[in-house]
Structures are given as structure tokens and as C-alpha cells.
Amino acid sequence: MTNATVYTVDSTFSKAQAFAVRDGRFVAVGTTAGLQGRYQASQTVDAQGQFIYPGFYDAHCHFYRYALGLRSANLVGANSWAETVGRLTAHRQQQPGAAWLTGRGWDQNDWPGRRFPTKDTLDVLFPNVPVLIARVDGHAALVNQKALDLAGITARTPISGGVIGRDAQGRLTGLLVDNAVKLVAAKIPEPRPAEADAALLQGQQNCLAVGLTSLADAGLDRADIERMASLQRAGKLHLRLYTMLNPTPENKAYYLPKGPYFSDNLTISAFKVYADGALGSRGAALLAPYTDRPHEKGFLLQHPEYYRALAKELASTKFQMNTHAIGDSSNRLLLDIYGAALLGQPDRRWRIEHAQVVSKQDIPKFGKYHIVPSVQPTHATSDMYWAGERLGAQRLQTAYAYQDLLKQYGQLALGSDFPVEDINPLYGYHAAVARQDAKNYPSGGFQMSNALTREQALRGMTTWAAHAAFEDKRKGQIKPGMLADFVVLKTDLLTAPNEQLRTAPVQQTWIGGKQVFTARP
């Protein structure tokens, strides 16, 4: 590759003009004239002045779930319950024979009145087909009576670490939160192998088109990983995967004796744990009650002793423990549990996923216990319209505090949490540096004291993301010895105006020195 502006994202954040690739790895980086004088190549690509970055790495997403969800109704951005129902009805007309009607992406915070919906309309429109539509965060869902009946849920069904919605008369509303969602979701049949493979390859194409070359898939079982690994071995799935295992007895029994697994394409070195739910559905565990619901503080999904025992078990292995923690109460609990289990070990790279609301006194624990903050900048700009209502002005100041967290650990792993947010990593880059939404609101940015610099944001979605997965010796930088994963843009992400960052189109995506995506002219 010649005649480019290459952001290497190495330790000095140096720039170059050209690089050489052999056997899927970078072998030299320098000037165009210098490399052309030293190397003879079977293929030379003239970048014509475009800008090249290491392949983008989403440090926290749900790729497998996203891909399979492409078969469901897309409810993201619906501005009312009526629009949501309209989209769902149109989707059913396209798939009239499907055994279940599913959808994802609704958010009552975007609707007039901001009230959770009930199942009444679904019962009328779809009395004979079970319906499950997940909220945008995946931590709440609305189901109809048919789905409740299939799952055996009644007004007397007990639930821990979740909510089964009931009205003032005690009747089921169809709203399920956190662990309650699993009671119904478990009844949805798995797709046939051919359907799953096709969905994964379609999901891959969407990722490659936005410059993603590596993904951290948060929460998988052995069968999920083996399906994707099989596609990798067949040369069909090019994306490199860092997989986080669900901490089921089956997964632990199979993987713990084997120890972590590392290859160029696949890493299996972590367990993904859920401490609490989401702020939008008031499942995040808070130290003090929600400002807009003074009798609610959210909840943990398991008893604290569960997390202590799991941390002790994993600390005796080489696996990472990566815990979803949104509220300040869950963050405090897990940080303290991590500290007690790790006993000062400096390089275990255990992670807090999201670290969304962290009290001022707990933020220093990320540095004290050497805990990686794995955050999603678009969560800040998606939540900023209503997060103050949930948290109050004072508590909001230590929410989405990315610069404060960065100062503690020295690195941030940046992801999107897709399909909760969009898959485009440049949306996260823009949110990290401008702290604004797609319409560049608010003017001046949201809580700009915790914005990241452009260099920090680019590191977070490349080399720092790789570090958080113990992959920083082979990816995340353009330098000799690293895997030749890179992305080509016409836009200089380090200098372009903020309002151009989200819309910067990817021109080419390369993995292992092979071009896997080219934009249409």
C-alpha cells in the first residue's frame, strides 16, 4: 500500500506513507519511496492520498445475537407505540408462517409519555402466534398472552433478579425485565443450521462495510462459538473474534480444564457475567433510589455470594472475568469482589463492561485493582435525554465518565454493544470526542469534561481494545509483525470537523492483507 496517510496507532502515534504485507502480516512501514526501493510486490495498491487506520475493533458487542436478529422486526427508532405495532404488523405480513413473531429495538423513552407498553394490542392482533419484542437494551421485553401461556407464566410465577409486570389489579401486562425475559426467550426455537450460517455471513457483510475487523462477542455458549469457528475454518467468516463465555456449568466444565485459547482468528479467554440490568428499564442496581422512582433502586441478577464464588473460581485460572455493571451499586460490589479475588495481580485484565454509573469514591478502584473499563460511548449520547431524570443532576456527573476512568487504568476499551446501538464504530468515535448525537445535539457536547481526545478514541477502538483481550501483541497497530488488518477512508478522523465523523464512509476493509470489502463507486 503506497501514497497514503497511515495512522499506525503505535506507541508514539506515528504516521507513515506506505507499508508492506507478507503472509497476512505487516513486514515494513515507512515512506513510499523507501519501501518501493526495498521490496518487490506481486500487488501494489496506490491509496491516492487516502487515510488508513488499523482495523476497527468493537470491544463489546453481541455479534451472534445481532446476526440472528436480522430475521426479526426492526423496531429501532420507532417514535411511538403505534409506529412500533405498525412495523411489527408489516414484518408479520412478510413472514406469515413463522412460528414466533419477534422484534427488537423499541424504546419507550422515545415515545410521548415515556410509559412502558402493555400486551393488550398484541393480544388482539396476534392471538394465535407467540410474540416477543425486546427493548433496545435487551434487558426488557414485551410479550403477548400466547407467549406467556407457552412459558407457563402466571400472576403467581416467582422471579428473582427480574420483574414480571402486573397492573394495579394484579393482571399480567406482558412486560418482562431481565431474568423474567429468559423464561419466554427459552421457548423460542433455535434456527436451523443453514439459517444461522446465512445470518452470520449477512451480519459479517454489514460489519465489514463499516470497517470492523475484530469483534468481542459478549456472552456465548460452546455451540455458538463452534459454529462461528467452523465458518472461519471454511474461509467464509473473516472477522476475528474474541469470545466471552456464559458462565454456565456446561461451559465451565468444558473450557476451564482446557485453559484460554488463542489463535489469529479466535480467542476464548473470558467469561461474561451480568451483575444488573439496564438504566432505561430501571434494572440497573443503584446505591440510592431512582430520582424518578423513589421507591426503586434496581436489583442484582444474582446473590452477591454468586459473584464472589465465581470470582474466586476464575482467579485460580487464567480466564478473565468480564462483568456487565451499569449502576453504581453493582459497580461497587464487583470492583470490591475483583479486588479481593485478584489480590493485587497487576495484569489479569479483568473487565467491567459498561461502567456506566460509578460513584466518585469507586472510580479510583479501576486503577487500584488494575481493572479494564470497557465502555460504549454511544450509550452516553443515547441516554443523555433522560438519564438525568433517572439519576438526578449530582449522580449524573459521575455517569459516562470516560476520561475519569481512563485516568485510572490508562486505557479504555471502546465498543458499541450492538445491536443495542448501531454497528458503525464511527458513531462511537463521534460520540466519544464530540459527546453529541447524529444531529450534533447538544451544542457544545454533553458533559464534555469526560470527552476523549481523537487520539484516545482511535486507540480505544484499535490497540486498547486488543489489549483488553490479551491480543495487543498481534493486532490493533500498523507495524511489523502485526496482523495486516486495516481500513481505508477518504476522511482524516484526526482533523475532520465533528459533524463529518459519523458519516465518513469506509472505502475498503482488509483482513490479513486480503481485501474483504470495497465500497461501490
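User: Is Arg92 buried or exposed, and what is its relative accessible area?
Analyst: This is a predicted model, and every value given here is computed from it. Arg92 lies in helix α3, which spans residues 81-94. The cut-off for a buried residue is under 20% relative accessible area. Arg92 therefore counts as buried, its relative accessible area being 17%.

User: At what angle do helix α10 and helix α11 pack?
Analyst: Two packed helices are described by the angle between their axes and by the distance between those axes. Helix α10 covers residues 304-315 and helix α11 covers residues 328-342, and their axes lie 9 Å apart. The crossing of α10 and α11 is right-handed, and the angle at which they pack is about 35 degrees.

User: Which residues of α11 are met by α10, and how many residues of each class does the contact have?
Analyst: From α10, the residues taking part are Pro304, Tyr307, Arg308, Ala311, Lys312 and Ala315, and on the α11 side they meet Leu333, Leu334, Ile337 and Ala341. Sorted by class, the contact of α10 with α11 has eight nonpolar, no polar and two charged residues.

User: In what order do the six strands of the open sheet lie, and which are its edge strands?
Analyst: The pairing in this open sheet is mixed, and its six strands follow the order β2-β1-β5-β21-β22-β23. Each edge strand pairs on one side only, and these edge strands are β2 (15-16) and β23 (514-518).

User: Within that sheet, what is the bridge partner of Leu489 in β22?
Analyst: Strands of a sheet pair through backbone hydrogen bonds, either parallel or antiparallel. For strand β21 (residues 486-489) and strand β22 (residues 506-511) the sense is antiparallel, and the pairing runs over four bridges. The partner of Leu489 in β22 is Val506.

User: Why can strand β14 be called largely enclosed, and which residue stands opposite its Thr243?
Analyst: Strand β14 spans residues 240-245, and because six of its six residues are buried, it is largely enclosed by the rest of the structure. Arg240, Tyr242 and Met244 point one way from β14, while Leu241, Thr243 and Leu245 point the other way, and all are buried. Strand β13 (residues 212-220) runs parallel to β14 and is joined to it by six bridges, and the residue opposite Thr243 is Asp217.

User: How many salt bridges does the structure hold, and what is the N to O distance between Asp123 and Lys119?
Analyst: Side chains of opposite charge can pair when their charged atoms come close. The structure holds 26 salt bridges. Lys119 is buried, with a relative accessible area of 8%, and the salt bridge between the side chains of Asp123 and Lys119 has an N to O distance of 2.7 Å.

User: What is the phi of Asp178, and what is the phi of Arg349?
Analyst: Most residues other than glycine have a negative phi. Asp178 lies in strand β12 (residues 172-178) and is buried at 6% relative accessibility, whereas Arg349 is found in the loop between α11 and β18 (351-354) and is buried at 9%. Neither residue is a glycine, yet phi is positive in both, near 50 degrees for Asp178 and about 55 degrees for Arg349.

User: Where does Pro419 lie, and what is the omega of the cis peptide bond that joins Phe418 to it?
Analyst: Pro419 lies in the loop between β20 (413-414) and α17 (425-434). A cis peptide bond joins Phe418 and Pro419, with an omega of about 15 degrees.

Technical notes:
Residues numbered from 1 in each chain as written. Predicted model: local features only at pLDDT ≥ 70, side-chain atom pairs only at ≥ 80, totals over all residues. Heavy atoms only, no water. Axes fitted to C-alpha atoms, helices over the stretch in contact; angles between N-to-C directions. Helix = DSSP H or I, 4+ residues; strand = E, 2+ residues; numbered from the N terminus. Left-handed = near helix turned anticlockwise from the far one by under 90°. Contact = heavy atoms within 4.5 Å. Nonpolar A, V, L, I, M, F, W, Y, C, P; charged D, E, K, R; others polar. Pairing = 2+ DSSP bridges. Buried < 20%, exposed > 50% of the residue type's maximum accessible area, 1.4 Å probe, protein only. Salt bridge = Lys/Arg side-chain N within 4 Å of Asp/Glu carboxyl O.
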